[in-house]
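Visitor: I am new to this structure and would like to learn how to read it. Please take the features one by one.

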Amino acid sequence: MTQKTAYPLDIQAILSDFPILHQEAHPGKRLVFLDSAASSQKPRQVIEAMQRYYEHDHANVHRGIHVLSERATDAYESAREKLRAFINARTRREIIYTRNATESINLVAATWGRAHLGPGDVLLLTEMEHHSNIVPWQLLAMERGFTIRYIPVTLQGELDLEAYAHILSTEPVKLVGLVHVSNVLGTVNPVEQMIPQAHAAGALVLLDGAQSVPHLAVDVQALDVDFLAFSGHKMAGPTGIGVLYGKRELLEAMPPYMGGGDMIKRVTLEKSAWNQLPYKFEAGTPAIAPAVGLGAAVDYLNNLGMENILAHERIVVDYALDRLSEVPGLTLYGPEPAKRNGVATFTLKDIHAHDVAQLLDAEGVAIRAGHHCAMPLHEKYGLPATARASFYIYNTTEDVDALVDAIYNARKLFGL
Ligand code: 7TS
């Protein structure tokens, strides 16, 4: 099967772009990296763009009237324009640089949330949220006294859409905070349907795109989503940079997040006036080189084509689900293949996922084990932990074969 796999992308060319993948994890064991949902690897185009920036262009942005500051500002702002086009925002003023998806969500909670949520209001999340879309709201609810409700997840790993419609029609929901693709179940939530439903009920929608933007084309205008949060490091970009997209009129009306340099128009000892978007939300010297790197990552993904990326991953994930489902004693979680992407999460009998991951690591296969920052979801399924293989553009059916071989080895060692 493996030799005959026909990919829509030139996988050999992609593999040659990722230096880190060409190593042994342990003597004689090829590194098989299946942990991209935690953080993806970076192609040399991204690494070189950051190196070039530091070797030729670095200075602080938006400040100096000198050649390097102008070049640094150009590089930083042209990356913002690439991100705008990538998610089809109307204007680059709607693209706020943050550190990661977590900070993007915290920004919305601390500014929009603090201004709009109070006693009597309902914030609606889902049971499959990552902690980063639960905890900031819990912190704010302690302060502001609103209620948090959750859309239930079915045993098949999908959102209960009847419950969603019911809550929207019976409760004063102000904001729906919704993960686009689950980092545990791989579920691709039907956001094309859910966003208009929220709007019809008078609620805004914040989409957590941490696991969708790297893998499929996300068009904020087509979705008409109000806020979108995502991280650079899961989409072939560097760590330390993420994005909050927000509709301009919402961002204009929001108070600033952090105070400091660059986010102000004027400061007196008594009070200050805020800078225009997006700078109002970007206090202090930003992550300039990471922004440049993220711009290069967007170029890289665009060159491959998001449709091809999705098609490639479909092949690899479908193959993984097929092969894993044949392993005796292995339980897979999440919906049917057509409704999911990116990850294959499983348990092996009653063996702790950490032990499974450790044995797989000895074979060179890197997966993640634990609760994947989704403890409520694991509690719902009555699981202390799961093992998760996650996939990206550089993974192949050979990687899946290596994973499955390593699981069979682990089964033997556990006497299964
Ligand atoms: N939302 C989702 C759906 C995620 O999967 C993650 C990270 C985040 C938000 C937070 O992203 P960050 O860049 O701000 O940390 N998920 C994972 C994971 O599944 N394993 O490690 C990190």
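Visitor: How many salt bridges does a search of the whole structure find?

Guide: Side chains of opposite charge can pair when their charged atoms come close. A salt bridge is a side-chain nitrogen of Lys or Arg within 4 Å of a carboxyl oxygen of Asp or Glu. The search of the whole structure finds 22 salt bridges. This is a predicted model, in which local features need pLDDT of at least 70, side-chain atom pairs count only at pLDDT 80 or more, and totals for chains, interfaces and linings use all residues. Residues are numbered from 1 along each chain as its sequence is written, and side-chain values use heavy atoms, with hydrogens and water left out.

Visitor: What separates Arg84 and Glu81 in helix α3?

Guide: Helices (H or I, at least four residues) and strands (E, at least two) are DSSP runs, numbered from the N terminus. Arg84 and Glu81 are separated by about one helical turn, because they are three residues apart in helix α3 (residues 67–87). Their side chains meet in a salt bridge, 3.0 Å from N to O.

Visitor: Is Arg84 buried or exposed?

Guide: Buried means under 20% relative accessible area, exposed over 50%, and partly exposed in between (1.4 Å probe, protein chains only). Arg84 has a relative accessible area of 18%, so this residue is buried. Glu81, at 33%, counts as partly exposed.

Visitor: Which parts of the chain does the pair of Arg114 and Glu143 link?

Guide: The side chains of Arg114 and Glu143 meet in a salt bridge at 2.7 Å, N to O. This pair links distant parts of the chain, with Arg114 in helix α4 (residues 101–116) and Glu143 in helix α5, 29 residues apart. Arg114 is partly exposed at 38%, and Glu143 is partly exposed at 46%.

Visitor: Which residues do salt bridges with shared partners join into one network?

Guide: The side chains of Glu336 and Lys339 form a salt bridge at 4.0 Å, N to O. Glu336 is partly exposed, with 45% relative accessible area, and Lys339 is partly exposed with 33%. The network consists of Glu77, Arg80, Arg92 and Glu282, joined by salt bridges that share partners.

Visitor: How many residues surround the ligand?

Guide: A residue is near a molecule if one of its heavy atoms lies within 4 Å of it. There are 17 residues around the ligand, and the closest are Thr102, Asp208, Ser231, Arg368 and Arg388. For the classes, Ala, Val, Leu, Ile, Met, Phe, Trp, Tyr, Cys and Pro count as nonpolar, Asp, Glu, Lys and Arg as charged, and the others, Gly among them, as polar. The shell has five nonpolar, eight polar and four charged residues.

Visitor: Which side chain has a polar atom 2.7 Å from an oxygen atom of the ligand?

Guide: A polar contact is a pair of N or O atoms within 3.5 Å; within protein, one must be able to donate a hydrogen and the other to accept it, and residues adjacent in sequence count only if both atoms are side-chain atoms. The side chain in question is that of His233. Asn183 has a polar side-chain atom 2.8 Å from a ligand oxygen, and an N or O atom in the side chain of His130 is 3.4 Å from a ligand nitrogen. The protein covers 90% of the 490 Å² of accessible area that the ligand has on its own. Accessible areas come from the Shrake-Rupley method with a 1.4 Å probe; for residues, only the protein chains shown count as cover.

Visitor: Which peptide bond is cis, and which residues have a positive phi?

Guide: Most residues other than glycine have a negative phi, and most peptide bonds are trans. Here the peptide bond from Leu277 to Pro278 is cis, with omega near 0°. Pro278 lies in the loop between β12 (272–274) and α10 (288–304). Asp224, not a glycine, has a positive phi of about 55° and lies in the loop between α8 (220–223) and β9 (227–231). Cys373 also has a positive phi, near 60°, and is found in the loop between β16 (368–370) and α13 (375–380).
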